Amino acid sequence: MTVSTADAASAPPEQSPGGHPQRWLILAVICLAQLTVLLDNTILNVAVPSLAREMDARTADIQWMINAYSLVQSGLLLTAGSAADRYGRKKLLVAGLALFGIGSFAASMAQDPGQLIAARAGMGIGGALLMTTTLAVVVQVFDAGERAKAIGLWGAVSSLGFAAGPLIGGSLLEHFWWGSIFLINIPVALLGLVAVVWMVPESKVPTSDRPDLFGALLSTVGMTGIVFAIISGPEHGWTSGRVLLSAFIGITVMTGFALWERHIPYPMLDMHFFRDRRFVGAVAGGILVAFGMGGSLFLLTQHLQFVLGYDALGAGLRTAPLALVIVALNLTGVGARLLPKLGTPVTIVGGMALLAAGLAAIATLGAHGYGGMLFGLVVMGAGIALAMPAMANAIMSAIPPEKAGVGAGVNGTLTECGNGLGVAVLGAVLNSRFGSLLPAVATGAGSLPAALAAARTPEDREAVTDAFASGVETSQLVGAAAVLAGGVLAALLLSRAERSSQEAQAA
């Protein structure tokens, strides 16, 4: 890895055969920074009942509180990756940690849904700077022989942060007010800031292209339009002018983004990458794994609290097995050992099939009790532990090393887009199914608490709860089908890419 001198920045110093001499300590620091960001993808989920009660937030408000963070990251990750390649990955890590800490403080002080949504969007800027550089640094300090293992460990910590959010959030909400779930980020960000400055070496490619700011604007506007339409559909009607206009703007702008990227000399995302079937296969799989994981956790925490009656801490504890399975399998190197034996396509389709099976098990076996849900969480964890590191490795292998920041931005964008769309799409399915099954007395209620408040008899309250449980079940099954389809598609594309490469080498 390079140090921060202009002359040396474009070429790495002498390294040991495995990469940078301090690569494992650097990995630990990188994982700390990554953990800080990813906790906030899901830590807010267990606060949904508190926010609905204390801020009088509707379901759409809560979805925007969650999605504002992901959408801003999605729009900025590619630009941040390009900037990191040019100006220095360490610099962006430091800036990202500082901005993330400031945004966390602002979120903890929010007084209404609008302020919290704005603060979450601000946190997304810092998160984008962090997420785009962590994987790029891992790729730079580890050689090809150890990279799969390092990415597996990075993926384990990433999944831990993602899945442990509800547990940490529940623990805090048990003793403190909802703002504590953001204040906890500040000491972790400060510790990460010191560690990055002390341990992480600078690396950059001074000749890389300048950031594509217009492309970032297009991608942010496009994604916001699409997800706004998905969130607003159940409340305003899928054929309403608001929803159709938002969807049209989102799709049109995203099309413009793709055309813009094809015809500029310094694209944020080189569209030629999509000619590589390895890249396309990993992209498809990555989006749908994040889709299933993000959407399912959004639904699970509400199901555990609203339907099964657990408090915030109890709900967080009952989602912990998902994180524990992911961490155990990746820390023991199961995925890294299976990847060269099974090959990337089989590893990915196997992992995504397990993830889909876990989602289906939760939908069918966990509707009225925790036992079936526990089984589904364990199966989901095994699938994620296999699929996510394999897909990250496939994406980074398909992109030139000098574009490591852009590659990391692509990987992070997939995760954030998948998470946001998972919450939006599965939340929309839940709302549509829930609204269609509500008893007449609660028709038009925008959330489960509102519907329960409108219910006048025990029979009405039971019908409302059953309607919500049915909505969760339907949403989980939709997520399972999407994940399974993505696994098959990713495996087919990756298999064809490998065959084409072998035929080209033989010729």
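Trainee: Which residues line the second largest cavity?
Mentor: Its lining is made up of A148, G152, N330, G335, A336, L339, T347, A385, L386, P389 and A390. A cavity here is a set of points, on a 1 Å grid over the protein atoms alone, where a 1.4 Å probe fits but cannot get out, and lining residues have an atom within 4 Å of a point. Before we go on: this is a predicted model, where local features need pLDDT of at least 70 and side-chain atom pairs count only at pLDDT 80 or more, while totals for chains, interfaces and linings use all residues. Residues are numbered from 1 along each chain as its sequence is written, and side-chain values use heavy atoms, with hydrogens and water left out.

Trainee: Got it. How many cavities does the search find?
Mentor: Four of 30 Å³ or more, from a search of the whole structure.

Trainee: What classes of residue are in the lining?
Mentor: Seven are nonpolar, four are polar and none are charged. In this scheme Ala, Val, Leu, Ile, Met, Phe, Trp, Tyr, Cys and Pro are nonpolar, Asp, Glu, Lys and Arg are charged, and the others, Gly among them, are polar.

Trainee: Stepping back, how many helices and strands does the chain have?
Mentor: There are 18 helices and zero strands. Of the chain's 507 residues, 58% count as buried. Buried means under 20% relative accessible area, exposed over 50%, and partly exposed in between (1.4 Å probe, protein chains only).

Trainee: Let's stay with helix 15. Is A387 buried or exposed?
Mentor: A387, which lies in helix 15, is buried, because its relative accessible area is 1%. Leaving out residues up to four places away in sequence, A387 touches V289, I348, G351 and M352, where contact means heavy atoms within 4.5 Å.

Trainee: What about R120, which residues is it in contact with?
Mentor: Apart from its neighbours within four places in sequence, R120 contacts D40, L44, M65, I66, A68, Y69 and F182. R120 sits in helix 5 (residues 113-141) and is buried, at 0% relative accessible area.

Trainee: New topic: how many aromatic pairs are there?
Mentor: Three. Rings of Phe, Tyr and Trp (its six-membered ring) pair if their centres lie within 6.5 Å; planes under 30 degrees apart count as stacked, over 60 as edge-to-face and the rest as tilted.

Trainee: Why is the pair of F214 and W260 edge-to-face?
Mentor: Their ring centres are 4.8 Å apart and the planes are at 75°, so the pair gets that label. F214 is in helix 9 (residues 213-236) and W260 in helix 10 (residues 241-262), 46 residues apart, so this pair links distant parts of the chain.

Trainee: Which residue lies over the face of Y370?
Mentor: That's R318, at 5.8 Å from the ring centre. The rule asks for NZ of Lys or CZ of Arg within 6 Å of the ring centre and within 35 degrees of the ring normal.

Methods
Helix = DSSP H or I, 4+ residues; strand = E, 2+ residues; numbered from the N terminus. 1 Å grid on protein atoms, 1.4 Å probe; cavity = no way out; pocket = protein on both sides within 12 Å on 5 of 7 lines; lining within 4 Å. Points joined across faces, edges and corners; volume = space filled by probe spheres on them.
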